Amino acid sequence: DARSVSAFGFLKDDWKIRSGLTLNLGVRYDIERVFNVRGYDVPVDRNNVQPRVGAAWDLQGDGRTVVRGGVGVYTQQHLLYPISRVELEGADGVIAIALGPESPMMPVFPSTLPASIASGAVLPPRDVYRVEATFRNPYSIQSSVGVQRLLHGVVLGADVVHLRGYDLVSHVDANAPASNEKPLQRSIAAADLLRPLVPAPNTFRKVLTLGNQGRSWYRALQLRADRTDGRRREIGN
């Protein structure tokens, strides 16, 4: 039953630099603590200051043509599902075993599982989850610039949007085998022999480490057109 407690605060203000030009400055701060997860002993990420700046320029001073833009930093809260796996599927968590048809431990109907597996005395190597001590909150840098024009009662707009995500949640096998050069192929057993810790009974194969290796990027041109006739409409029976 993973839990988290978060708090935030922000400050922003608008400055009218001159007629038709407005500048918006702001800053936000978030902090989050995750607890009630066995094996998750990670310090709280306190480095979540998020500055933001934006501007709007009314070209003619009549509100018909406006150029606007902005950029800011945005922090994301933790996702509890991957964090919970550190406890549920960690070294002392639930044991999940996958047996392929080629495994000598694979039961053949009507046989049952070997006694060594059923009693937990000897187990095949398994995958486990853990967390990096430096695990922290993901964040993104988002920016946009665009123009808006009122033309014959229709508001037309075009915006270029750019987003880069950093420190996104990732699972990396800390016990991964050496890379294989394509088009060469190898069996699972051959790959296991190339792991830093060679899998053996009652040990681990993959050591999936929860970290911040993920990245993302997004670019788009957004177009819109809005129109209203200015009349109030009521819908009734």
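**Close-up views of a predicted model**

View 1. Val53 sits in strand β3, residues 49-58 (strands, E, of at least two residues, and helices, H or I, of at least four, are DSSP runs numbered from the N terminus). This is a predicted model, in which local features need pLDDT of at least 70, side-chain atom pairs count only at pLDDT 80 or more, and totals for chains, interfaces and linings use all residues. Residues are numbered from 1 along each chain as its sequence is written, and side-chain values use heavy atoms, with hydrogens and water left out. Val53 has 34% relative accessibility, so it counts as partly exposed (buried is under 20% relative accessible area, exposed over 50%, partly exposed in between, with a 1.4 Å probe and protein chains only). Together with Trp15, Ile17, Leu25, Val71 and Ile141, Val53 forms a nonpolar patch on the surface, with about 470 Å² of accessible area (Shrake-Rupley method, 1.4 Å probe, only the protein chains shown counting as cover). Patch members have over 30% relative accessible area and no salt bridge; nonpolar side chains (Val, Leu, Ile, Met, Phe, Trp, Tyr) are joined within 5 Å, like charges within 9 Å.

View 2. Follow the 8 strands in the order β1-β2-β3-β4-β6-β7-β8-β5, and you have an open sheet with mixed pairing (two strands pair if DSSP finds at least two bridges between them). At the edges stand β1 (3-18) and β5 (126-131), each with a single partner strand, so one side of each has no neighbour in the sheet. From one strand to the next, the twist averages 20°. Helix α1, residues 80-88, packs on the sheet and touches β1, β2 (21-35), β5, β7 (154-173) and β8 (204-227) (contact means heavy atoms within 4.5 Å). The direction of α1 makes about 115° with that of β5 (axes are lines fitted to C-alpha atoms, for helices over the stretch in contact, and angles run from 0 to 180 degrees between N-to-C directions).

**View 3. Antiparallel neighbours.** Strand β6 (residues 139-151) pairs with β7 in the antiparallel sense over 13 bridges, and Arg149 is opposite Leu156 in β7. The hairpin of β6 and β7 has 2 residues between the strands, and His152 there takes a positive phi near 55°. Between β7 and β8, also antiparallel, there are 17 bridges; Arg164 has Trp217 in β8 as its bridge partner.

View 4. Asp159 and Arg68 meet through their side chains in a salt bridge of 3.1 Å, N to O (a side-chain nitrogen of Lys or Arg within 4 Å of a carboxyl oxygen of Asp or Glu). Asp159 belongs to β7 and Arg68 to β4, so the pair ties together parts that are 91 residues apart in sequence. Asp159 is buried at 12% relative accessibility, whereas Arg68, at 23%, is partly exposed.

**View 5. Further charged partners.** A search of the whole structure finds 12 salt bridges. One of them joins Arg28 and Asp30 at 2.7 Å, N to O; Arg28 is partly exposed at 23%, and Asp30 is buried at 15%. Glu89 and Arg85 form another, their closest N and O atoms lying 2.8 Å apart. Glu89 is partly exposed at 28% relative accessibility, while Arg85 is buried at 18%.
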